[in-house]
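Please look over the structure below before reading the numbered points.

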Amino acid sequence: MIDGPNEGIADMQRLRDVDWAALRRDGHNIFTKLIRTRDPRSGDGEEVTVPTRQRLSRCLTTLDLTSLGVGSCVGTGMYLVAGMVARKFAGPGVALSFIIAALASIFSGSCYAEFGVRVPNTTGSAYTYSYVTVGEFIAFVIGWNMVLEYLIGTSACARALSACFDSLFDGAISKYFSEKFGTIYGKPPDFVAFGISIMMTMVLVAGVKKSLFFNNLLNAINLSVWVFIMAAGVFYADTSNWTQHNGFLPFGWSGVFSGAATCFYAFIGFDIIATTGLEANNPKRSIPLAIVLSLGIILLAYVSSSIMLTLIVPYNEVNTDSALVQMFAYVNAPTCKYIVALGALSGLTVSMFGSMFPMPRVVYAMAQDGLIFRQLATVSETSGTPALATISGGTAASIVSLLIQLEVLVEMMSIGTLLAYTLVSTCVLVLRYQPHSDNLIELLPQSLRTPVDPEGTASAQRETSFAHGPTHIMPASQRVMVRRVTRSSPDSDDTLPGDDSEEYGRDDAFLVNSNTENKFYGAVPGGCSTGTSRCARFFDAIYRKLHAMSYLCPGLLPWVDCGPATENSGLYVIKAVGVMYVLIIIFDIFAAYGSPGESTFTTVMMVILLIAIFGILLAISRKPQNRATLVYATPCLPFVPTIAIMVNIYLILNLSILTLIRFTVWMIIGLIVYFKYGIKNSNLETNPPVPRAPTPPPPNPLDRTTIPPATQPPPTGDRNIFEGDGLYGSHDQYSDPLLAWHVADLEPVQSTSRGYTGSSSYMQVETRYNERTNRTTSHTSSRPPWAYPDVTYDSWDN
């Protein structure tokens with residue numbers, strides 16, 4: 001009876017003895033580590049501590065990337081998904097299901113394409129994009145799940161290929177292994193799938209160009225078989241299959257949309273293109289172009305093959321396991337059947353290649369950043385591929401394909417990929433409305449981003465964001481007049497040549513090239529444009545006008561704010577996106593679990609939520625965007641990213657319980673790896689980035705009073721008036737005594753050209769003073785290009 005109160009007193013004493021300030025400080029510091037972001041500019045120069053070659057081979061063209069994207073998707077969609085959706089969901093309307101799914105996937109693809117431009121020279125796809133924009137922990141979660149998705153996809157394709165071989169031999173292969181080794185969960189171990197995975201691993205280790213040749217060869221076979229299906233199917237097509245058997249939409253429009261949710265998975269795989277940033281010859285151009293081209297080709301293949309399938313075979317008699325192969329067996333054309341079977345083998349093989357190709361590259365990126373074991377970042381000296389990561393992933397995929405059945409693998413759908421698509425779309429939506437932010441973490445208060453020292457003071461040097469470098473501070477005795485005009489407004493024409501500091505006037509410091517900025521601003525009064533003729537200037541003016549009207553959607557509305565993006569407008573967009581996210585989740589919950597076709601209440605609530613979401617989108621669209629010019633930018637913001645987010649969240653909510661259980665177990669393993677190894681060995685922990693000193697601008701002849709570099713002492717004492725400013729040491733362009741003063745002027749000269757009167761040309765007259773001879777000389781030359789008012793040129797350096 002006495003021990004109870006004593007134990008309570010002891011517990012209270014232990015609570016009092018806890019150093020709550022230290023606990024809060026440690027928790028805050030851990031949080032700053034979770035949200036620290038990587039500077040993509042440092043990726044090219046970083047080396048990891050393993051003794052072999054560190055850089056992947058840069059050898060992929062746009063055609064190679066397009067072939068990768070097409071091959072990763074088209075096999076499973078044509079030979080597996082089309083028949084299943086036609087039989088179970090949409091009937092002949094499967095073509096409409098593919099079109100709807102393609103629109104949704106193109107929205108996600110366009111957001112991926114913009115991030116491919118923003119962060120081009122990287123590998124790791126959405127993992128690297130997350131590391132740059134939303135912090136280390138979320139990047140680890142995305143990358144960790146993407147590895148498992150690629151592993152499951154590789155194993156499922158290996159199992160599907162094994163089943164295809166087994167069906168060609170009338171089940172003899174599975175029967176033999178069942179008699180020799182028995183069964184596991186009702187089926188024998190699949191040694192054929194095991195061998196296929198090992199051989200695919202060997203192909204990938206051989207090198208990028210060799211494996212790409214293998215991929216392109218299989219794609220060529222698949223394309224030839226697709227052309228054969230279209231040509232031979234014309235002779236067996238029967239339009240009555242669309243009018244009879246309950247018509248073109250036997251399951252109604254609800255079946256079409258249900259089928260579209262399944263068809264969307266057939267388009268998952270284009271993100272393989274985004275993993276090749278370090279291997280593409282011109283990633284900033286090739287990655288977005290390859291994503292758009294591959295999605296277009298995949299859509300054409302899916303729609304045409306599904307149309308031919310439902311024209312030849314009634315939808316209720318379609319074989320769900322091998323629809324296109326059995327399509328010609330239905331019309332007694334065995335030769336055509338075996339030709340299509342060859343295409344099916346090629347398509348499934350190239351889809352397996354598409355699942356296995358990006359897996360080691362994501363592992364390589366995570367290992368290079370120190371979040372998983374660094375040895376996995378080893379690059380082969382001979383082939384230039386991440387050899388150890390490829391062998392490790394291939395071995396794991398072969399073991400999974402040996403033991404786990406195809407049905408179980410198929411049920412483990414792509415939650416990691418859908419999370420990555422949602423994250424990328426969200427980042428595009430938010431970042432385009434921020435004036436100067438490079439990532440979402442910079443939008444947090446500085447007190448949250450800065451670790452706290454044990455003494456309880458925040459360390460400015462350890463701030464978890466990118467610094468722009470130290471500021472040069474002049475001594476009090478040196479008085480300097482500085483004129484600085486930023487380019488924050490498109491209407492400003494006062495930007496000085498040479499005033500190119502990244503800290504001022506740049507909307508997106510590392511994400512864009514300043515040389516392309518004038519593509520948006522166009523010709524301003526007193527500036528230069530790129531046209532050389534009146535026709536070129538006319539079309540250039542039209543292009544700039546259309547661009548200015550289209551960069552905001554709806555840009556034609558008169559109430560759109562056309563001013564520059566500000567911190568207030570960016571914060572408004574962040575709050576609006578947060579509210580919209582809540583409404584989208586509620587809307588998708590009703591759509592997934594509320595039976596909107598049967599419940600009036602659910603339908604009314606969904607309509608109200610949809611109207612509210614649309615109203616928020618209109619409010620967001622009124623805000624100005626970041627005006628930095630990108631090679632590719634997602635069109636029709638904010639609607640395109642929002643549709644992608646809605647579709648991806650809806651598909652996540654429709655995943656099976658098995659997928660959620662797998663996600664939970666895999667994440668528990670991942671959290672152990674991260675907090676035991678990754679958070680301690682991250683490059684940002686072991687080798688924290690040092691803020692880069694800004695590049696000093698070149699001497700500006702229009703403004704002689706410029707801040708000198710910090711390394712130079714301020715000039716002291718009296719100076720000769722003929723010595724120049726002396727601000728740049730021995731490199732002072734005005735220190736030459738022969739150029740004590742120099743005046744350039746333009747004088748009119750009457751033209752003597754025959755047939756051309758009434759106008760005078762100009763000559764440039766330069767007057768120089770020579771101190772040694774005490775004489776003034778004049779030099780006459782032709783007029784410089786920038787002096788002609790009726791012809792525009794690029795900048796003319798003095």
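1. A residue is called buried when its relative accessible area is under 20%, exposed when that area is over 50%, and partly exposed in between. The model discussed here is a predicted one. With that cut-off in mind, Phe353 is buried, and Phe357 is buried as well.

2. These two residues also form a ring pair: the centres of the Phe353 and Phe357 rings are 5.7 Å apart and their planes stand at 35°, so the pair is described as tilted. Phe357 has a further neighbour in Arg361, which lies over the face of the Phe357 ring at 3.8 Å from its centre.

3. Across the whole structure, a search finds 26 aromatic pairs. One of them joins Tyr236 and Phe328, whose ring centres are 6.2 Å apart and whose planes are at 85°, so that this pair is edge-to-face. The pair links distant parts of the chain, since Tyr236 sits in the loop between helix 9 (208-233) and helix 10 (240-243), while Phe328 belongs to helix 13 (residues 323-330), 92 residues apart.

4. The two partners of that pair can also be described by their accessibility. Tyr236 has a relative accessible area of 32% and is therefore partly exposed, whereas Phe328, at 0% relative accessibility, counts as buried.

5. Ring pairs also build a cluster, in which Phe137, Phe140, Trp144, Trp666, Tyr674 and Phe675 are linked.

6. Turning to helix packing, two packed helices are described by the angle between their axes and the distance between the axes. For helix 4 (residues 94-118) and helix 5 (residues 126-133), the axes come within 11 Å and cross at roughly 65°, and the crossing of helix 4 past helix 5 is left-handed. Tyr112, Phe115 and Gly116 make the contact from helix 4, and Ala126, Tyr129 and Thr133 make it from helix 5. By residue type, this contact holds four nonpolar residues, two polar ones and no charged ones.

7. Finally, which residues does Asn241 touch, not counting residues up to four places away in sequence? They are Pro92, Thr310, Leu311, Ile312, Val313 and Pro314. Asn241 itself is placed in helix 10, and with a relative accessibility of 6% it counts as buried.

Terms used:
Residues are numbered from 1 along each chain as its sequence is written. This is a predicted model: local features need pLDDT of at least 70, side-chain atom pairs count only at pLDDT 80 or more; totals for chains, interfaces and linings use all residues. Side-chain values use heavy atoms; hydrogens and water are left out. Axes are lines fitted to C-alpha atoms, for helices over the stretch in contact, and angles run from 0 to 180 degrees between N-to-C directions. Helices (H or I, at least four residues) and strands (E, at least two) are DSSP runs, numbered from the N terminus. A crossing is left-handed if the near helix is turned anticlockwise from the far one by less than a right angle, and right-handed if clockwise. Contact means heavy atoms within 4.5 Å. Ala, Val, Leu, Ile, Met, Phe, Trp, Tyr, Cys and Pro count as nonpolar, Asp, Glu, Lys and Arg as charged, and the others, Gly among them, as polar. Rings of Phe, Tyr and Trp (its six-membered ring) pair if their centres lie within 6.5 Å; planes under 30 degrees apart count as stacked, over 60 as edge-to-face and the rest as tilted. Buried means under 20% relative accessible area, exposed over 50%, partly exposed in between (1.4 Å probe, protein chains only). A charge sits over a ring if NZ of Lys or CZ of Arg is within 6 Å of the ring centre and within 35 degrees of the ring normal.
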